[in-house]
Amino acid sequence: MTKPFAGLKKFALLLALCLASCLSPTHAAFIIGQSYVPLADWARANGLKCFCLKRGDEVVATNRTTRLIFDKDSRMVEVNGTDVALSFPVAGDHGALRVAQTDINTAIRPLLFPSRFTDTKRITTICLDPGHGGKDTGNHTFWRSEKTYTLALALELRDQLQKAGFNVILTRSKDTKVELPDRPALANRRGADLFVSLHFNATPTGKNEVEGPQTYCITPVGASSTDAQGEGANFGATAANRVEQRSLLFAYQVQKSLVRNLSAKDRGVRRARYWVLRDATMPAILVEGGYMTHPVESKKIYNAAYRRQMAQAIVIGILTCQKLVSPPAPALPPANRPAVRIQPSTNWPK
Ligand SMILES: [Zn+2]
């Protein structure tokens with residue numbers, strides 16, 4: 001697992017823990033202004049088995065359905081094999097690990113107990129947002145523009161979602177520029193139940209190594225984002241924070257499905273305050289479907305069959321999450337049931 005904050009945060013965490021040493025490890029402690037709880041105690045109190053690895057630097061917590069792996073000083077937790085960004089790094093305290101209460105509330109509890117975050121209404125309308133368009137080309141590699149492939153993916157995804165029984169609206173269906181605030185505004189105005197923004201990534205360095213999808217959802221209040229811009233902790237609450245747990249669940253299920261069904265590298269569920277995420281009043285996610293700068297993955301992105309598989313993976317992620325957080329659907333006769341199947345082919349261009 002990656003440890004993006006290992007170096008810089010370590011000294012501050014140790015110093016803060018020394019200052020909080022009057023508290024025994026079985027109690028909550030304040031570390032760099034955040035309430036932290038002992039991970040093992042919280043896990044056992046919530047029915048998880050807990051054991052330590054690497055001399056206490058790694059803790060594995062499991063129940064019947066979920067396996068969580070926490071690493072000291074890391075801002076990522078592994079959830080059934082998929083990385084999820086936390087708001088604050090896991091802290092070490094005399095051989096035990098502590099997790100921020102914010103992360104318990106906004107990430108760990110929703111992932112462990114999704115049925116406690118059920119919506120009152122089923123998802124019927126999904127707003128798809130193909131990134132960029134018109135003069136805003138997005139990422140460029142040679143003569144290829146991101147805007148072309150986000151639209152192609154959105155049109156494919158629209159068709160598949162409609163076959164699965166959803167109403168679909170698009171923020172753009174042609175090569176036109178749409179201002180960022182207008183995108184979530186359309187979803188809000190049309191009463192969408194889920195907002196899905198579609199993008200492809202690029203990196204200026206490590207082009208041969210950096211690959212794989214990642215999925216963003218809104219950053220919890222008080223936390224720094226994990227995207228390149230990393231908007232700070234003092235940004236304040238947004239409309240999207242009211243439904244942040246369900247957004248995380250959709251982001252997690254879509255990311256897991258993308259990695260599994262595309263046999264792709266996992267770049268994890270991330271947090272950002274992108275305009276299209278922070279103004280949406282319904283659960284909202286932003287999918288980065290892979291890297292246009294990677295020599296192999298880019299060829300897949302430009303291939304219609306691969307984008308079809310990617311769209312299928314996103315549909316499966318949405319349907320999986322729908323089952324977890326939506327009230328049951330009215331029964332349909334078997335002949336009317338929508339079906340979504342992943343084709344087994346992995347014969348992508350290399
Ligand atoms: Zn983009």
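**Zinc site, salt bridges and ring pairs**

Me: Where is Thr176 found?
Reply: Thr176 sits in the loop that runs between strand S13 (167-170) and helix H5 (182-189). Bear in mind that this is a predicted model.

Me: What does Thr176 touch, leaving out residues up to four places away in sequence?
Reply: His132, Gly133 and Gly134. Thr176 and His132 are 44 residues apart in sequence, and their C-alpha atoms are 8.3 Å apart in space.

Me: Now the metal. Which protein donors does the zinc ion have?
Reply: They are His132 through NE2, Glu146 through OE and His199 through ND1, at 2.1 to 2.2 Å from the zinc ion. Along the chain, the donors follow the spacing H-x13-E-x52-H.

Me: What do Glu146 and His199 tie together?
Reply: Glu146 belongs to helix H4 (residues 146-163) and His199 to strand S14 (residues 194-201), so the pair joins parts that are 53 residues apart in sequence. Glu146 and His199 are both buried.

Me: Change of topic. How many salt bridges does the structure hold?
Reply: Eight. One of them pairs Asp57 with Lys72, with 3.9 Å between the closest N and O atoms. Asp57 is in the loop between strand S3 (49-53) and strand S4 (58-62), and Lys72 is in the loop between strand S5 (67-71) and strand S6 (76-79), so the pair ties together parts 15 residues apart in sequence.

Me: How accessible is Asp57, and what about Lys72?
Reply: Asp57 is partly exposed at 31% relative accessibility. Lys72 is also partly exposed, with a relative accessible area of 23%.

Me: What about the salt bridge of Asp129 and Arg183?
Reply: The side chains of Asp129 and Arg183 meet at 2.8 Å, N to O. Asp129 is in strand S10 (residues 125-130) and Arg183 in helix H5, so this pair ties together parts that are 54 residues apart in sequence. Asp129 and Arg183 are both buried.

Me: And which residue forms a salt bridge with Glu211?
Reply: Lys265, with the closest N and O atoms 3.5 Å apart. Glu211 is in the loop between S14 and strand S15 (214-218), while Lys265 is in the loop between H6 and strand S16 (269-272), 54 residues away. Lys265 is partly exposed, at 49% relative accessibility.

Me: Since H6 came up, how many of its residues are buried?
Reply: 17 of the 19 residues of H6 are buried, so the helix is largely enclosed by the rest of the structure. H6 covers residues 244-262 and reaches 26 Å from its first C-alpha to its last, close to the expected 27 Å. Just after H6, Ser263 has a positive phi of about 50°.

Me: How many aromatic pairs does a search of the whole structure find?
Reply: Two. The ring centres of Tyr149 and Tyr302 are 4.8 Å apart with the planes at 45°, so that pair is tilted. Tyr216 and Tyr274 form an edge-to-face pair, 5.1 Å centre to centre with 70° between the planes. Tyr216 is in strand S15 and Tyr274 in the loop between S16 and helix H7 (275-278), so the pair ties together parts that are 58 residues apart in sequence.

Me: Are Tyr216 and Tyr274 buried or exposed?
Reply: Both are buried. Tyr149 and Tyr302 are buried as well.

Me: Last one: which ring does the charged end of Arg116 sit over?
Reply: The ring of Phe113, 3.9 Å from its centre. Arg278 lies over the face of Trp275, 4.7 Å from the ring centre.

Definitions and conventions:
Residues numbered from 1 in each chain as written. Predicted model: local features only at pLDDT ≥ 70, side-chain atom pairs only at ≥ 80, totals over all residues. Heavy atoms only, no water. Donors = N, O, S within 2.8 Å, 3.2 Å for Na, K, Ca; no water. Helix = DSSP H or I, 4+ residues; strand = E, 2+ residues; numbered from the N terminus. Buried < 20%, exposed > 50% of the residue type's maximum accessible area, 1.4 Å probe, protein only. Contact = heavy atoms within 4.5 Å. Expected span 1.5 Å × (residues − 1). Salt bridge = Lys/Arg side-chain N within 4 Å of Asp/Glu carboxyl O. Phe/Tyr/Trp six-rings, centres within 6.5 Å; stacked < 30°, edge-to-face > 60°. Lys NZ or Arg CZ within 6 Å of the ring centre and 35° of its normal.
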